[in-house]
Amino acid sequence: MKAAAFAYARATSVMNALELLGAHGDRAKVLSGGQSLMPAMNLRLISPELIIDIGELAELRGIAVSGSIIRIGALTRHVDLLKSPDIAAHAPLLTEAIAHVAHPAIRNRGTIGGSLAHADPASELPACMVALNATIIVRGQGGERRVAAEDFFKGIYETDLSAQELLISVELPVAGKNSRHFFHEFARRHGDYAIAGLAAQAIVEKDAFTDLRLVFFAVGDRPVLARAATNLVNVTITPPVLATASAALGEDLDPQDDQQASASMRRHLAKVLLARGASALLGRPDLNAGGRA
Amino acid sequence: MTVTTSNPEVLSELDRPNSYIGKSVPRPNLERLMQGRGLYVSDMELPRMGHVVFLRSPHAHAKIAGIDAAAARSVPGVIAVVTGKELAAVITPWVGVLSHLKGLKSAPQHAIAIGRVCWQGEAVAAIVATSRAVAEDAAEIVRVDYEELEAVTDMRTALDPATPVIHPSLGDNLAFERNLDAGEVDAAFAGSDAVVEADFIFGRHTGVTLEPRSVVADWNAAEVRLTIYQGTQAPHMVQNLAALHLGLSESQVRVVCKDVGGSFGIKVHLYADEMATYALSKLLRRPIKFVADRVESFNTDIHARDHRCLGRIGVRRDGVITAFEIDDLTGIGPYSMYPRTSAIEANQVVNLVGGPYVTKNYRARTRVVLQNKNVMCQYRAVGHPIACSVTEGLVDLAAAKIGMDPVEIRRRNLIADNAYPCASPSGLRFELLSHHAAMNKLMTMMDYDALRAEQAALRSKGIHRGIGIASFIEVTNPSAAFYGVGGAKISSQDGVAVRLDAQGSVICQTSITEQGQGSESLTAQIVGSVLGVSMERVRVILGDTDNTPYGGGTWASRGAGIGGEAALQAAKVLRRNILDVAAAILQSSSAELDIADNAIVNAGDGASRMELRELARIVYFRPDTLPPGVQPELMATRHFVPREYPFAFTNGVQASWLEVDTDTGFVKLLRHWVVEDCGTLINPQLVDEQIRGGVVQGLGAALFEKCAYDERGQLTNANMADYLVPMSGEMPDIDVGHVVSPTAETELGAKGAGEAGTAGAAAAVANAVNDALRPFGAVITEIPLTPQTILTALGRI
């Protein structure tokens, strides 16, 4: 289980990294935290010719709040997100979600940029970005692009990022007044890839949702922003209303079968998450009828 | 129970300064391991060492039409590419059968496949290079032409006439069948108030050792001798078999086994790739290293369990169990494993079902079939988890049927604590067990009645918790009845040599091995206790066929019971010899003297007479000052093997308390209890650790672990992301209690404790899940109990 031979370059600047990417394109791979890349290389699932190590690019690391925007550098490690008071104060959904990302050893190395660029449909952070209405900032030799998280994820391990571009940072709106969040995932063991998960961000006024973003993950080829949420906005939530949303969700989802769960189980678990999420966000235990909704 | 011994004060006077038996002293090897100074084979480097990578078949069953290794041979750093045919010049094939397993058959297995591969993962060529990475590069460009053959994968159809026969020379795919009919089963069922039947299904799983299988083989052409460094549980077995198949005498093979990163029965067998590594060293005349990577560990380390067992139980309204019946089926891969065979697990299932209970009516059939999957063989608690899950699952079903509490039905049927010695319907002889005492202790530990009340209260709130109970028996301290009588050169005896050094320290060589259980510790504890020497002065040497007595090693829960007794007896002889010398020096008699705290003392008042180091100084350097004719003998060796009972059975009972989320099918383990009886506890902490570790492996089987094969015989989850081992986050607190019924067969009185945890954990969990689901009318008799399985049983998906 040894990686095939590869060339290695340590990028000295973002520009330098972009030059290397421009020259080598998809024959090169960017090394950030290495938590997905290195196992894949050691298993020889991929054999890039060149590894571009961006680990020294300090400008890509860090969390900054300015006005109503939180900016997170691509190299910011999971552990730093987990421990950040700024994230806890302004994007608490992320703080909660990060605790579900693998284990401490992996969180100590893995980075947000790496996770988003890898775009595993079962991972937590892409879903959170969509739920939080994040903007993902990518840079190529021609300049910078700003991509809405919703448009960034294209499929299993597929994103809007081209082989010549580098993910630079993400920008999140600071959580506003009356905003609430919910995060839960079903995984066989703590730290495993989820079988089904939900990252939700809401604004609740007078016991009703005025805004609701329900993003399911591990139930499709990318994070799924549930259209069913519209059934729940600006209405009084009753079990029948929830049941309608649940049925709509079931029709929206097209989950895959794998060893951990069948498609029907994933659909079922997503409905359980919907009920539990709505119940928790509104503080209404009566709504939590689980999959029976 | 009183144990009669010739020297009882050695074991009973725990207040003596060097009485370590029964005390939780730290392991002597802890510092070494904690400081990273362990000696693991995977870390070894020798001059001129080559690294071997095995090119493994991607097909479950295929003809090898050709191998083109020309390009691979020209890769810089490649030393050799060797095929099965080429390697057969230096190593002979083997057949994994034992004569006492009547009718067991298997086909000759080669170190590297010749002409045909029979499972996905079987080696087809060896690539030896200056590094593992280079060898992997070269392996990628070896071209093998395969002609795929139909794979036999489903054990249920393996014996159908339409199914291809994997080894035509065997005639069919039936490797072994055993039938047992004891008592009056049909009459007993006819006289029952209820007969309950269920099909129990057990997933294939494996041991997942932290350190994979590792070998460095070093053929020394000048000495005409092979040194094998290997993480194994049985060095002398490896020595014997390596010699046999390489055409050498045992004296030409030395096996060295220092620290081992976990074994669990995975490392008690001889694998084809290990044999190939020995042969490559001889062929290429240089040291060769093989360390399995994680993917090949999953594809080649023995798998276990994978049984389908139809069980029936008869019960009367008063709770009396009238009979057990099973029809068991298991698929073991294409070859019976060498040398312990792949029929032992099924044989144990037949032996053990119904074992804790009184009924004499028992009928069993087991069939062991060949298939194109990785080989199956003995893994921790061989057969026990299956027998226990079937038995205890049936007992719970019977209890539910007649509306009796699961504990009550057990109390009415467990063999009485004063009924020993006695035998099971399958002929197992029990010297002394303590089922009822164990159950009573369990009830107190878990506060059973309070838990039942809590369960009922939570039910009304929609929280579904379950209690599962599982009584069990466990085979330990095996005599020659296990393997020796079947013709295997696997020793059931062990030897220990102890000697007093010139400064009064003790060197102890033992034939048992250490893979983390605490063999070093228990040996030092026993020797220190008997000799009156502090443990830090006892140095234990193990794992070297050149430097230890001949013996079996550590497996089947035998190290403490057999190797420990040998240590006790050897130390007693040395003690006597020391006291004889002391008496001569001190002009006393040995009866008036004792050894305590590293000194010769008066037996009567304990007054110190002479430091042991002073005695040793005189013996080794000034023997001229000893009385005429005195020839001190400060080294003693003793061997031990159980002769009265083929096995020292232990017993115990486990309980699980868990919660099932009936919306999601997820199970949360809340608490687990074990009461076990392994006789004399040498080191209670080590026993508790063994029990807990065993329970965790049993919980893995219950909820997580499964080697998932597809219908073409492809293992689809051969990595640590998809094969789920139990992890600490999901594990409950595990409380361990003990009942102590020493075996009278040894002075030490210790039975084995290594497998009891694994034996009953899955049964307790399955019973608890079914207990939780009882209001829903769902019964699940398949493990692992995945959320998918549970939701399906609940009709939710």
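What percentage of the 293 residues of chain A count as buried? In this predicted model, 53% of them do. For chain B, 66% of the 797 residues count as buried.

**Chain A: overall form**

- The secondary structure of chain A consists of eleven helices and 14 strands.
- Chain A has a radius of gyration of 19 Å, in agreement with the value near 19 Å that a compact globule of 293 residues would have.
- Along the principal axes, a box of roughly 60 × 45 × 30 Å holds the C-alpha atoms of chain A.
- About 12,100 Å² of chain A is accessible surface, and carbon and sulfur atoms account for 51% of that area.
- When contacts in chain A between residues at least 6 apart in sequence are considered, 60% of them join residues at least 24 apart.

**Chain A: a nonpolar surface patch**

- Leu43(A), Leu45(A) and Ile46(A) together make a nonpolar surface patch of about 260 Å².
- One of these residues, Leu45(A), is located in the loop that lies between helix H2 (37-42) and strand E3 (50-53) of chain A.
- Leu45(A) has a relative accessible area of 65%; it is therefore classed as exposed, the cut-off being over 50%.

**Chain B: overall form**

- Chain B contains 20 helices and 31 strands. Its radius of gyration is 28 Å, close to the 28 Å given by the globule rule for 797 residues, so chain B is as compact as a globular protein of that length.
- The box filled by the C-alpha atoms of chain B has dimensions of roughly 85 × 75 × 45 Å along the principal axes.
- Chain B exposes about 27,100 Å², of which carbon and sulfur atoms supply 50%.
- Of the contacts in chain B between residues at least 6 apart in sequence, 80% link residues at least 24 apart.

**Chain B: strand E28 and its partners**

- Strand E28 (residues 648-660) of chain B has twelve of its 13 residues buried, so the strand is largely enclosed by the rest of the structure.
- Strand E20 (residues 464-476) of chain B pairs with E28(B) in the antiparallel sense, over 13 bridges. Within E28(B), Phe649(B) is the residue that stands opposite Val475(B).
- Strand E29 (residues 667-677) of chain B also runs antiparallel to E28(B), and ten bridges join the two. Ser656(B) has His672(B), in E29(B), as its bridge partner.
- A hairpin is formed by E28(B) and E29(B), with six residues between them. In the turn, Gly665(B) has a positive phi of about 80 degrees.

- Arg225(B) belongs to strand E11 (residues 225-230) of chain B.
- The relative accessible area of Arg225(B) is 19%. Because the cut-off for burial is under 20%, Arg225(B) counts as buried.
- Beyond its neighbours within four places in sequence, Arg225(B) has contacts that include Asp218(B), Trp219(B) and Asn220(B). Ser251(B), Gln252(B), Val253(B), Arg254(B) and Asp546(B) are also in contact with Arg225(B).
- A distance of 30 Å separates the C-alpha atoms of Arg225(B) and Ala69(B), which are 156 residues apart along the chain.
- Val224(B) is situated in the loop between strand E10 (214-220) and E11 of chain B. Its phi is positive, near 55 degrees, in a residue other than glycine. With a relative accessibility of 41%, Val224(B) is partly exposed.

**Further backbone geometry**

- Most residues other than glycine have a negative phi, and most peptide bonds are trans.
- Asn178(A), which is not a glycine, has a positive phi of about 65 degrees. Asn178(A) sits in the loop between strand E10 (166-173) and strand E11 (179-186) of chain A, and counts as partly exposed at 35% relative accessibility.
- The peptide bond from Tyr420(B) to Pro421(B) is cis, with an omega near 0 degrees. Pro421(B) lies in the loop between helix H12 (406-411) and strand E18 (422-423) of chain B.
- Ile783(B) and Pro784(B) are likewise joined by a cis peptide bond, with omega about 0 degrees. The loop that holds Pro784(B) is between strand E31 (782-783) and helix H20 (787-793) of chain B.

Notes. Residues are numbered from 1 along each chain as its sequence is written. Chains are lettered from A and ligands numbered from 1 in the order in which they are written. This is a predicted model: local features need pLDDT of at least 70, side-chain atom pairs count only at pLDDT 80 or more; totals for chains, interfaces and linings use all residues. Side-chain values use heavy atoms; hydrogens and water are left out. Patches are made of residues with over 30% relative accessible area and no salt bridge: like charges are joined within 9 Å, nonpolar side chains (Val, Leu, Ile, Met, Phe, Trp, Tyr) within 5 Å. Accessible areas come from the Shrake-Rupley method with a 1.4 Å probe; for residues, only the protein chains shown count as cover. A salt bridge is a side-chain nitrogen of Lys or Arg within 4 Å of a carboxyl oxygen of Asp or Glu. Helices (H or I, at least four residues) and strands (E, at least two) are DSSP runs, numbered from the N terminus. Buried means under 20% relative accessible area, exposed over 50%, partly exposed in between (1.4 Å probe, protein chains only). The radius of gyration is taken over C-alpha atoms; the globule rule is 2.2 Å times the number of residues to the power 0.38. Contact means heavy atoms within 4.5 Å. Two strands pair if DSSP finds at least two bridges between them.
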